[in-house]
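A guided reading in running paragraphs would be welcome.

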Amino acid sequence: MKKVLIIIGILAGLVVISPFLLLGVYALDFVYYEANDDKAEKAALEYLEEKYGERFVIDEVEYNKILGDDGGDYSLSVHPAASPDITFGVDTTEKYQVIRDSYKESNWSAQFRKEMIPIIEPIFQGTGVYYVYGSFYSEIEERYQLKTAIKQYTMRILIKALKASIY
């Protein structure tokens, strides 16, 4: 009888303790990877500065891992040192390889707002809300330089906005 009670006690103890052990092992990932945020920051900054030829500043770093997945990733919020108003995202793997950045889209959107809002605002006299999001096929991105392409498309968008305000 004494042996049965000991076995039941051990099993009950395991049932109570095991969820905490599992959560502890899962939490260790976050402790480890969040302690290594600086490696993700360094990898992202090196990638961005090499790709775009300018300095960037990291605003925020967050480690994400879906329960059950083998690996997670870092999501970074970044802005160019010369333009703190242009923020964009960069994602890296937990092995510190950059897998995505949205600088081109954010930069293009900022350029559009800077050039077009002063033209569009008098037409709508404060009654409009303007959303700009650029998403382009990689072939188009590679073929056009941002400054060249924005001037071409700016006139097309302005003409569409003027036509919409007339009708």
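The account below moves from a helix, through a group of aromatic residues, to a set of paired strands.

The model is predicted. Helix H2 covers residues 37-52, which makes 16 residues. From its first C-alpha to its last, H2 reaches 22 Å, close to the 22 Å expected at 1.5 Å a residue. Its buried residues are Asp37, Ala40, Ala43, Ala44, Leu48 and Tyr52. Seen down the axis of H2, these buried residues fall within an arc of 130°, so they line one face of the helix. Just after the helix comes Gly53, which takes a positive phi of about 70°.

The structure holds seven aromatic pairs. Among them is the pair of Tyr52 and Phe56, which is edge-to-face, with 6.2 Å centre to centre and 65° between the planes. Tyr52 and Phe56 are both buried. Together with Phe88 and Tyr103, these two residues form one aromatic cluster.

Phe88 also brings the reader to the strands, for it is the bridge partner of Val78 in strand E3. Strand E3, residues 88-93, is mostly covered, with five of its six residues buried. E3 pairs with strand E2, residues 73-80, in the antiparallel sense over six bridges. Three bridges also join E3 to strand E4, residues 98-101, and these two strands run antiparallel. Within this second pairing, Val90 has Asp101 in E4 as its bridge partner. In a regular strand the side chains alternate between the two faces of the sheet.

The hairpin of E3 and E4 has four residues between the strands. Tyr96 lies in the loop between E3 and E4. This tyrosine has a positive phi of about 70° although it is not a glycine. Most residues other than glycine have a negative phi. Is Tyr96 buried or exposed? Tyr96 counts as buried because its relative accessibility is 18%, and the cut-off for buried is under 20%.

Note on methods: Residues are numbered from 1 along each chain as its sequence is written. This is a predicted model: local features need pLDDT of at least 70, side-chain atom pairs count only at pLDDT 80 or more; totals for chains, interfaces and linings use all residues. Side-chain values use heavy atoms; hydrogens and water are left out. The expected span of a helix is 1.5 Å times one less than its number of residues. Buried means under 20% relative accessible area, exposed over 50%, partly exposed in between (1.4 Å probe, protein chains only). The arc is that of the directions from the helix axis to the C-beta atoms. Rings of Phe, Tyr and Trp (its six-membered ring) pair if their centres lie within 6.5 Å; planes under 30 degrees apart count as stacked, over 60 as edge-to-face and the rest as tilted. Two strands pair if DSSP finds at least two bridges between them.
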